[in-house]
Amino acid sequence: MARLKFLCDSDRCIECNACVTACKNEHEVPWGINRRRVVTLNDGRPGERSISMACMHCTDAPCAAVCPVSCFYGTADALVLHDKDLCIGCGYCFYACPFGAPQYPRIGNFGGRGKMDKCTYCAGGPQQDNTPVEYLQYGSNRIAEGKLPLCAEMCSTKALLAGDGDIIASIYRERVQQRGYGSGAWGWRTAYKQELSA
Amino acid sequence: MTAFPSAALAAMLAFGGTAMAQQQAPGLAAGAPEVQSAAPEVGAGRGGANGQQPEASERHSATGHPPGGDREAIAPRPPVPVAPITAPPPMTARGGADAAEAELQHALRGGVIQGMVSIPNQAAGILIQPEGRDWREFRTRILTIAGAVLVLGMLGLLALLYLWKGPQRIEAGRSGRSVERYGVLERVNHWMVASSFVLLGLTGLNITFGVHLLRPLLGPENFTALTLGSQAVHHFVAFPFTLGLLVMGAIWARDNLPTWVDVAWVKAGGPLAKGHPPAGRFNAAQKALYWFVLGGGLLAAASGFLLLAPAILDNISLLQVAHIVHAGMAMLMIAAILVHIYVGSIGAEGAFEAMATGRVDYNYAREHNGLWLEEKVQDAHRAAAASPAVARAAGAD
């Protein structure tokens, strides 16, 4: 099986937020929750660059390690998914996650955060694939339909790449060689303990 | 009107036909229509046939060649650059370190990689927070291992102590007389804090160890139901616990202020001393426990309330610190309270009834808290001397 990863080529990202919009629309993510976001470093200054960030589906995921009810599970494609029926909304995964991926429908209110929500890599959850129940909890399951995540598919500049780690890494390397520069794959060192040098 | 030949027109103008000249446009060409149309001609007023050419403020300013030929004054050329303009550096050289390098630096140095987001949740501007790794280490390794060692180790020590020494008897035996040690408020408050603490401790231990101990036994669904419920209990019971701690701070602080008697009590060997070194209402160990529970409990409560309302801090690093303080303090308190429970129940004969009924045996009070008993007896004597009627209520029975 593939080892699915995300890669954001920050030399291409133009902060159009189409990935954010695509994700929210595809999964009907409620107001206030952003499974994906675009972070701009050095905004308005020399060296400004934007990175689209969501759950990176880490190797040895910290969220899964700290979960007090062990609601996370890994798929055959090495995605890190979670079972909302088991989640207690304690917020531990949010403390541990390096990328701020876990989101909660509520904040405050006696600690009742509600069930955690995060990027599923468009792979749904533990429910039966592409059922209304699954859609309600996790959004659509494009992976089960043989499609890649919509954020990457929609990316106007093809900055955001999704797919097998080796394939997207080779695409990125080719780009870097062709244009002569590349600032590396943001989050890869933290998420996959791997540096992507061209 | 007939058309005048130009010579005739000039003649008329010459001998004073001014009215005629005012009606007629100058320079009327030969062959012009005899009757002027009522509507103005096309181009009238715009420099057409009959229009007056408007006077420009500056002639030759907009178009055409200026008569003087001094074009520099009208359209200045860009100045010749002083320094040569070089090509911009490649993209990689503009923004400092590359991704892997930045991540490594932040991971080593601590601190988040912070940017700007265009969504309302500004906290999402943190791109990468490497501290999560340290907190994970605390949660999965330090807290579980140290907590287990602390709690199980303390239980083991107390079991050994019980097997070795057994319960500490009242040396003089029960006297059959009792003396009031704790009032109603003190006892009610104690049991409110005690029951809240047990609930908080058990539900907290479930969050830390339940996934290893109970989840395999109950199954994922049942364990989640249990943990969800115990989480709610933990959140709500925190309030009576905190209230009780504050009451304890108000009613017991004076009797727990350290004195020289406590130094002597510790020097004599404390709880392991032969016989009973003299002590006031509380001995040094009880005072230490009191201040530890009060300070540690309030610290755990404060950090817990911050975790309960994460929007107050709204800072992931501080939330991690709050959790470390909360969980670490809680484990230490559980270990300390285990000692307290042991001494107050099976560890020392006659101790439990102090909190159960409010009264202790006279001999127990004489052995454990002799100075306090003397004071109490003296107070009773004074009260008896002043008014014999209330002597029995205030003093030793």
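Biologist: Which residues are buried in H9(B)?

Modeller: In H9(B), the buried residues are B:Ala284, B:Gln286, B:Lys287, B:Gly297, B:Ala300, B:Ala301, B:Ser303, B:Gly304 and B:Leu307. A residue is buried if 20 or more other C-beta atoms lie within 10 Å of its own, exposed if 12 or fewer, and partly exposed in between, with C-beta atoms placed from the backbone. Helices (H or I, at least four residues) and strands (E, at least two) are DSSP runs, numbered from the N terminus. This is a predicted model, where local features need pLDDT of at least 70 and side-chain atom pairs count only at pLDDT 80 or more, while totals for chains, interfaces and linings use all residues. Residues are numbered from 1 along each chain as its sequence is written, and chains are lettered from A and ligands numbered from 1 in the order in which they are written.

Biologist: What covers the buried residues of H9(B)?

Modeller: The cover includes H7, H8 (260–267), H10 and H11 of chain B.

Biologist: How many Å should H9 of chain B span?

Modeller: The expected span of a helix is 1.5 Å times one less than its number of residues. H9 of chain B (residues 284–308) has 25 residues, so it should span 36 Å, and its end C-alpha atoms, 35 Å apart, agree with that.

Biologist: At what angle do the axes of H5(B) and H7(B) cross?

Modeller: First the general idea: two packed helices are described by the angle between their axes and the distance between the axes. Axes are lines fitted to C-alpha atoms, for helices over the stretch in contact, and angles run from 0 to 180 degrees between N-to-C directions. Here the axes of H5(B) and H7(B) cross at roughly 145 degrees and come within 7 Å. The crossing of H5(B) with H7(B) is left-handed; that word applies if the near helix is turned anticlockwise from the far one by less than a right angle, and right-handed if clockwise.

Biologist: How many residues does each chain give to the contact of chain A with chain B?

Modeller: Chain A gives 48 residues and chain B gives 49. Two residues are in contact if their C-beta atoms, placed from the backbone, lie within 7 Å. On the side of chain B that touches chain A, H7(B) supplies the largest share, seven residues.

Biologist: Is E1 of chain A mostly covered or uncovered?

Modeller: Strand E1 (residues 4–8) of chain A is mostly covered, with five of its five residues buried. A:Leu4, A:Phe6 and A:Cys8 point one way from E1(A), while A:Lys5 and A:Leu7 point the other way. Two strands pair if DSSP finds at least two bridges between them. E1(A) and E6 (residues 160–164) of chain A run antiparallel and are joined by five bridges.

Biologist: What is the phi of A:Glu15?

Modeller: Most residues other than glycine have a negative phi, and most peptide bonds are trans. A:Glu15 is not a glycine, yet its phi is positive, about 55 degrees. A:Glu15 is in the loop between E1 and H1 (18–27) of chain A. With 19 other C-beta atoms within 10 Å, A:Glu15 is partly exposed.

Biologist: Where does A:Glu28 lie?

Modeller: A:Glu28 lies in the loop between H1 and strand E2 (37–41) of chain A. Its phi is also positive, near 50 degrees, in a residue other than glycine. A:Glu28 is exposed, with 10 other C-beta atoms within 10 Å.
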